[in-house]
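Here is a friendly walk through one model, meant to be read with the structure open beside you.

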Amino acid sequence: MIAQTPNFVAFCPYASRFGYEVWVAPRRHQPRFEDVEAGEIGELSLLVRDIISRIERTVGRVAYNYFLHTQPFDMPAYDHYHWHIEIVPRLTKVAGFEWSTGCFINPYAPEAAAARLRSA
């Protein structure tokens, strides 16, 4: 766990694919991003901004990939799915091993990354 607000959490996922990969997710069950209440958007944006600032204080200015995972709008809501945002700083390059095996080499343990980001 890196940070939390009343409605959202930010954490480095177990077995992260990339160094300093951070996920931001709602604290209550929500399968779709569009279910976020209008009053929560500001809170979410401040948390994402805080996480980006922490990453940049820790590893410097880097490029990012962002992924928004949400359940498709044309399906019934699933009880087991949570929307989330993945923030992936581009610290290493994906190469032949990763592309051919689907296994990613992450030189940064998520537990250590989370500890550094908490203190940043």
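This is a predicted model: local features need pLDDT of at least 70, side-chain atom pairs count only at pLDDT 80 or more; totals for chains, interfaces and linings use all residues.

Setting aside neighbours within four places in sequence, F67 touches H84, I85, E86 and V88, where contact means heavy atoms within 4.5 Å. F67 itself belongs to strand β4, residues 64-69. Helices (H or I, at least four residues) and strands (E, at least two) are DSSP runs, numbered from the N terminus. F67 counts as partly exposed because its relative accessibility is 35%; buried means under 20% relative accessible area, exposed over 50%, and partly exposed in between, with a 1.4 Å probe and protein chains only.

Residues are numbered from 1 along each chain as its sequence is written, and side-chain values use heavy atoms, with hydrogens and water left out.

| Residue | Relative accessibility | Class |
|---|---|---|
| A15 | 55% | exposed |
| S16 | 9% | buried |
| Y20 | 4% | buried |

S16 sits in the loop between β2 (8-11) and β3 (22-26). Beyond its neighbours within four places in sequence, S16 makes contact with E21, N106 and P110. A15 is also placed in the loop between β2 and β3, and has a positive phi of about 55° although it is not a glycine. Y20, in the loop between β2 and β3, has a positive phi too, of about 60°, without being a glycine. For background, most residues other than glycine have a negative phi.

**Pocket and cavity**

Which residues line the largest pocket? They are R17, F18, N65, F67, V88, P89, R90, L91, T92, K93 and V94. A pocket is an open set of points on a 1 Å grid over the protein atoms alone, with protein on both sides within 12 Å along at least five of seven lines; a cavity is a set where a 1.4 Å probe fits but cannot get out, and lining residues have an atom within 4 Å of a point. The largest pocket has a volume of about 230 Å³, and β4 and β5 (84-89) each supply at least two residues of its lining. By class, that lining has six nonpolar, two polar and three charged residues.

The structure also holds one cavity of 30 Å³ or more. The largest cavity is lined by R17, F18, T92, K93, V94, E98, F104 and I105, of which four are nonpolar, one polar and three charged. Here Ala, Val, Leu, Ile, Met, Phe, Trp, Tyr, Cys and Pro count as nonpolar, Asp, Glu, Lys and Arg as charged, and the others, Gly among them, as polar.

**Helix packing**

Helix α1 (residues 41-59) packs against helix α3 (residues 110-119) at an angle of about 105°, with the axes 9 Å apart. The two helices are therefore roughly perpendicular to each other, a label for angles of 65 to 115 degrees. Where do they meet? R54, I55 and T58 in α1 meet R116, L117 and R118 in α3. This contact of α1 with α3 has two nonpolar, one polar and three charged residues.

How values were computed
Grid points are joined across faces, edges and corners, and a volume is the space filled by probe spheres set on the points. Axes are lines fitted to C-alpha atoms, for helices over the stretch in contact, and angles run from 0 to 180 degrees between N-to-C directions. Angles under 35 degrees count as roughly parallel, over 145 as roughly antiparallel, 65 to 115 as roughly perpendicular and the rest as oblique.
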